[in-house]
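Hi,

Here is the structure I promised to pass on.

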Amino acid sequence: MPGGEIRQRNPNHLAVSRVVLPTKEGIERDKQLDKHTEYEFGGPWGVIAIMTGFPVLMYYLWICLVFYDGNLVHPTSVDDVQPFLWRMWEHIRVDASPSAYAWKVYTGLIVYQLFLAWVVPGYMQEGLPVPSLNYKTLMYKCNAIGCIYITMITAAALHYYNIFRLTEIIDNFGHLMTVAMIYGWGVSIFMYTITVATGNQIRMSGNFIYDVFMGACLNPRIGPVDLKMWLEVRIPWVIVFFMSVSGACKQWEQYGYVTPNMAFMVLATWLYLNACGKGEECIPQTWDMFHEKWGFLVIFWNFAGVPFSYIYSVVYMASHDPSKYQFSSPTYVALYATLLTAYYIWDTSMSQKSRFKMQTQGIMTYRKTFPQLPWGTLNNPSYIQTAHGNRLLTDGWWRYSRKPNYVADWIMALTWGLSQGTCSIIPYFYSVFFITVLIHRCGRDFERCALKYGKDWEKYCSIVKYKFIPGIY
């Protein structure tokens, strides 16, 4: 790899691994990227709207789904506006209060996941060189796969011995959602405060609200636990999976069977959770880890947004009779096939890109975690060597699209809504919201890549012509 390399091994294998320098041109371009130059998300007023509006939207969609048969309700007249708001508030007050049960369960999950992340043995993965740390690479403890299955075994035992019934999770959805929101807000403000107080802030705008939203810290850690990577997997996707399992358990207790629709959601959420665990060593190679800060945008979304707005289909099916969402056998086959095909493309494209980066750094190690899919690793792939010092992959799935993983990820999101058919439009929120996020994120990524790589990015775009869907867009 172009540039210099200075090894700085740390005894605990958790902080600095080495310093990997790009070219001089690369260093100059990185300096531009590591400065706050413009507001995103509509600036301070835009982020205020997001920070206040999204929690309100989460409550509204949940209320419509559970109490109004999945229909979007609204005031029937001008005179009904105030009574309508009072009705909404009453649902929140009664069924979404931060109950003692919700505090116990959600806090217990956080403590248990932190404990497991700390003590369970794991594979040590070197991350990308971080410009703001003078191109030091950090070591990441990857033990999510073990922690996930220990959590599953623990939950199964607690359920079997009637200590903690899994059916209670979906029944307390509203209460848990409120506690999750409180954690999202609280941790965001705490991390901003402690980071600024210790002088470790980076890329600040000078606007308090905006900086709380975007974050002040880049590499938050407690002992061996990288909090940003920990929160990306251990809380949101664990909750999403157990919400699906809870819905399945509830159907079993009520009807004596689990519908193919609910089984689909258990499979879909397990695939995602397991993928995050078995390929955790690929996460340190992502933009999220080496560049994105840890602020409200990421913290609230992982504590509350993902687990309580991505699985509305499970919430609907758990509270409605199966006769409302029965499909024909060919429909079920098509639904499952679409999910598995999209999952294969998503899993292997993510693996191809991350392992290519690891190959470039000379730190590639093959982990035998299940399942390792064919074409997950590219041998002698084609790429563009940039003046910055990095390489741009032009092989595998990445020869057809600049974001093949996004396309497959979105198709999986769409199938989650399709699992309940046309009963309600609300379960499609995930796919609609997700495509909006992906388009916005692509715009951000492509702008930064153009700044970072210059003419090399133009060359890359001439080879990989399509942003998302080959031959279409």
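A word on terms before the details: I call a residue buried when its relative accessible area is under 20%, exposed when over 50%, and partly exposed in between, using a 1.4 Å probe and protein chains only. Helices (H or I, at least four residues) and strands (E, at least two) are DSSP runs, numbered from the N terminus.

Bear in mind that this is a predicted model, where local features need pLDDT of at least 70, side-chain atom pairs count only at pLDDT 80 or more, and totals for chains, interfaces and linings use all residues. Residues are numbered from 1 along each chain as its sequence is written, and side-chain values use heavy atoms, with hydrogens and water left out.

I'd start with α13, residues 296-309. Twelve of its 14 residues are buried, so α13 is largely enclosed by the rest of the structure. The buried set is Phe296, Ile299, Phe300, Trp301, Asn302, Phe303, Ala304, Gly305, Val306, Pro307, Phe308 and Ser309. What is the shape of this helix like? There is a kink of about 50° in α13, centred on asparagine 302; the bend at a residue is the angle between axes fitted to the seven residues ending there and the seven starting there. The end C-alpha atoms of α13 are only 16 Å apart, short of the 20 Å that a straight helix would reach at 1.5 Å a residue. For that expected span I take 1.5 Å times one less than the number of residues.

Valine 306 in α13 is buried at 3% relative accessible area, and its C-alpha is 9.0 Å from that of isoleucine 239, 67 residues apart along the chain. Lysine 228, in helix α9 (residues 227-233), is also worth a look: its relative accessible area is 3%, which means it counts as buried. The C-alpha atoms of lysine 228 and isoleucine 299 are separated by 8.3 Å, with the two residues 71 apart along the chain.

Now compare α2, residues 43-67. This helix has 25 residues and reaches 36 Å from its first C-alpha to its last, close to the 36 Å expected. Even so, α2 bends by about 30° at glycine 53, and proline 55 follows within four residues. Just after α2, aspartate 69 takes a positive phi of about 60°.

Phenylalanine 41, in the loop between α1 (24-33) and α2, has a positive phi near 60°, and is partly exposed at 22% relative accessible area. Asparagine 162 sits in the loop between α5 and α6 (167-171) and has a positive phi of about 60° too, although it is not a glycine. Asparagine 162 is exposed, at 54% relative accessibility. Then there is a cis peptide bond from phenylalanine 370 to proline 371, with omega near -10°. Proline 371 lies in the loop between α15 (329-361) and β7 (383-385).

For helix packing, look at α5 (residues 144-160) and α10 (residues 236-255), which pack at about 30° with their axes 12 Å apart. Axes here are lines fitted to C-alpha atoms, for helices over the stretch in contact, and angles run from 0 to 180 degrees between N-to-C directions. α5 and α10 are therefore roughly parallel to each other (angles under 35 degrees count as roughly parallel, over 145 as roughly antiparallel, 65 to 115 as roughly perpendicular and the rest as oblique).

For cysteine 142, the nearest cysteine sulfur is that of cysteine 282, 8.8 Å away. Cysteine 142 is buried, at 1% relative accessibility. For cysteine 461, the nearest cysteine sulfur belongs to cysteine 449, at 8.4 Å, and cysteine 461 is buried at 18%.

Cheers

Key:
A disulfide is a pair of cysteine sulfur atoms within 2.5 Å.
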